[in-house]
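Here is a structure to go through by question and answer.

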Amino acid sequence: MMDAATIVKALLVAIPLSVAGVALLRIRWVLRLPLGIAAGVAAAFVLAAWLESGGLAYLVSFATMGGIYAILALGLNTQWGYGGHLNFGIAGFFAIGAFTTALFTTAEPTGTLAQYTQQAFGLEMPFLVGIAAGAVVAGIVALLIAVPVLRLRMDFLAIATIGIAEIIRLIFQNERWLANGPQPLRGIPQPGRCILEEQCGPHWLTVFLEPLTPRDYTYLYLIVITVFVVAVYLLAERAVRSPWGRMLRATRDEESSTAMSGKNVPWVRIQSFVFGAVIMGIAGGLYAHYTVTIDYSHFRPLFATFMVWVMLMLGGSGNNAGAVLGAFIVWAVWSGTAFMVGALEPVLGAISEDLPSRASYLRWLFVALLLAGIVLFRPQGIMPEEKVVSRHAFAPGEGPGEGGAQHQG
Amino acid sequence: MTDAADIAETSRAATDWRELRPAERLKAALQTRTAMVAAVILVLLGLWLAAEVQDVARSRLLSLAVWGVMLGGVIGLGAIGLTLIYGVLKFPNFSHGALVTLGAYIAFAVVTVWPGQSPALGPFSFGWDLIVGMIIAMPLVGLAALGLDRVVYRRLRIQKSSLVLFAMASLAMAFLLRSLIYLAWGSDFHFYYQGRANPSFTLIGVQVQADQIFILVLAFTLVGLIYLLLGRTKMGKAMRATANNPELAQVRGINTERVIAWTWIMSGALAAAGGVMYGLASQLRPEMGFWLLLPMFAAVIMGTIGNPRGALVGAIIIGVAQQVSTAFLNPAYGPAVAFVLMVLTLLLRPQGLFGGGS
């Protein structure tokens, strides 16, 4: 039988699983909503009963990081998928979001703590203000890069962003006064944690969450992440299917005809780049509140730039659902290779005694090969971009009349 | 050189200087080569002044500038290969940094397996083993670059993929090479020669090391050889023709695939030489090439894409600026100095110092 804690956990996990269920079932909405939720709840209880509590906690932390990566991939999708911008500096915007949020929500260190921690300021603002601040600062930095570089050739942006990400990381590594330099910045508050620790919040909630210990906070945070993934996804979808989104795609594909239609091409490009960077800043803020402790080493190009590219390219650039799908698949592959490498260790030890300690780099090799394979054999990804994204236009041969007003291709 | 530059040139020739509005006239004046040279000199002067304000001894600044020229030679060796590939294949090769690292580590492997300790050569800190290591590393890295082209980039060329996919594939190859280097040599840093003295002497009031002079001479020699090759040999002419207009070159009977293959080999070999020199000047780390990537790109853009001489000039400017800035700035910010110079170039004169137009 399940104890109270397991039931509460199952109910909490049921929320993101229901969202996933509704998202994955591609049927009519009348059936989709109840069936998706039912499948999600059922899956949650089966998982909770079947897995040990450690296994369930692992799945929750996996899904949380997957969700943060999904937001990053959605941000990159507005830049690369819809705008055609090569941003090789995702890590930079991610780091800015994370550190800004941290500075806005932590308290300024006092007493003995001040000897170990230095930070430019600590405002003790609420969670959402911190996330918004991270998003705004990431957007401002993106604007500063976009204005000189985006009016030039596309490849210059790739070089400039790879440089700016490196410089941002160097700043957070070396400037002690800003965010505690090479030492980690600790104690970033987690939204709603006090419900588990001090029974704050509404009465019914504290009663419902009574069986949980503060260690089970990740279950609550997964719900926060779910809300953000859904919100950013809907926002991105809304943006793409609006006239603004069609203008972005037109600028990407046919710059001169867009200019002839009276659109300000450089300004359109700047908009999509900044919009994507804002989303990356949000992801950074969510990451900071998840890990509680951040330092510059979290924002290396492999984890924060390269991985996101693999996710978007695998899922399908130009397709928001593909971006989310790709994020979870690649994150699952990356997490799975940890076990694979563990299993390979005896074999590697037989080849050379140095190899087992370096086995984790096999995972890099694997991800690099994955990206090369996608670029070579399926550059459009699993879910290719839809040709028609407007509700008012019909794909050729599908709509009324003779396929609407447009003939593409 | 490029179509865009041609159009810019003709349109500029067509409009009379006096017909322009004052704002446009100012903009045109700012985009001339003279203005860019002036801007570069201003930046260098600014760095010098900043050091003066902080009371840095003049002799130290002078040595820093000389070391900067040496660092410029190292960056230049990498940047020449980068600019050749950029010119012929038209995409920024993000795996070039990993080729630099690979060259350094192959030479390290040779130094490690060399029987006994090779004694230092004359005033230098290295022995024959490093020279042999470099001579082995250069063709090997060239072949590695060619291999990557055969497996990845050539397929993309056949599929007529867009240039952004080339850039992305090169990023994937950068991580692939780096992970192989980590697997083979681990993440610790190494030295070619642990704890060997590297004597410095005073030459006309400036402290220099014999190694630095060697690096500089080597860089200039290799650049001279590249110039002879590009200017005097058939392959060099074919390379320039392919860089200028691949279709036309093909129509005129040039085997562009062969030209591309030789470009990769040269690019890889120069990167390897740069890596060995960089490893000799500092230390070997798996990320060393990645750190050089930004200065190398800055040099390529400053000196006009596809122009080896420009890449060397740009590299020396960046090397000097980086070294002089260490007088008052945390040395970790070297890449940031290169970045500022690159953005300045993009703002004032995107076609670089030696580009067409104006």
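The questions below concern contacts and helices.

Author: This is a predicted model, in which local features need pLDDT of at least 70, side-chain atom pairs count only at pLDDT 80 or more, and totals for chains, interfaces and linings use all residues. Residues are numbered from 1 along each chain as its sequence is written, with chains lettered from A and ligands numbered from 1 in the order in which they are written.

Reader: How many residues of chain B are in contact with chain A?

Author: Two residues are in contact if their C-beta atoms, placed from the backbone, lie within 7 Å. Chain A brings 31 residues to this contact, and the number from chain B is 34.

Reader: Which elements give two or more residues to the side of chain A that touches chain B?

Author: Helices are DSSP runs (H or I, at least four residues), numbered from the N terminus. The elements of chain A are helix 6 (127-149), helix 7 (154-174), helix 15 (301-315) and helix 17 (361-377).

Reader: Which residues of helix 11 of chain A are buried?

Author: A residue is buried if 20 or more other C-beta atoms lie within 10 Å of its own, with C-beta atoms placed from the backbone. In helix 11 of chain A the buried residues are Tyr219(A), Tyr221(A), Leu222(A), Ile225(A), Phe228(A), Val229(A), Val232(A), Ala236(A) and Val240(A).

Reader: What covers the buried residues of helix 11 of chain A?

Author: The cover includes helices of chain A. Among them are helix 1 (4-24), helix 3 (53-82), helix 12 (243-253), helix 14 (265-291) and helix 16 (320-351).

Reader: Are helix 8 and helix 11 of chain B roughly parallel or roughly antiparallel?

Author: Their axes come within 10 Å and cross at roughly 170 degrees. Axes are lines fitted to C-alpha atoms, for helices over the stretch in contact, and angles run from 0 to 180 degrees between N-to-C directions. Angles over 145 degrees count as roughly antiparallel. Helix 8 and helix 11 of chain B are therefore roughly antiparallel.

Conventions:
A residue is buried if 20 or more other C-beta atoms lie within 10 Å of its own, exposed if 12 or fewer, and partly exposed in between; C-beta atoms are placed from the backbone. Angles under 35 degrees count as roughly parallel, over 145 as roughly antiparallel, 65 to 115 as roughly perpendicular and the rest as oblique.
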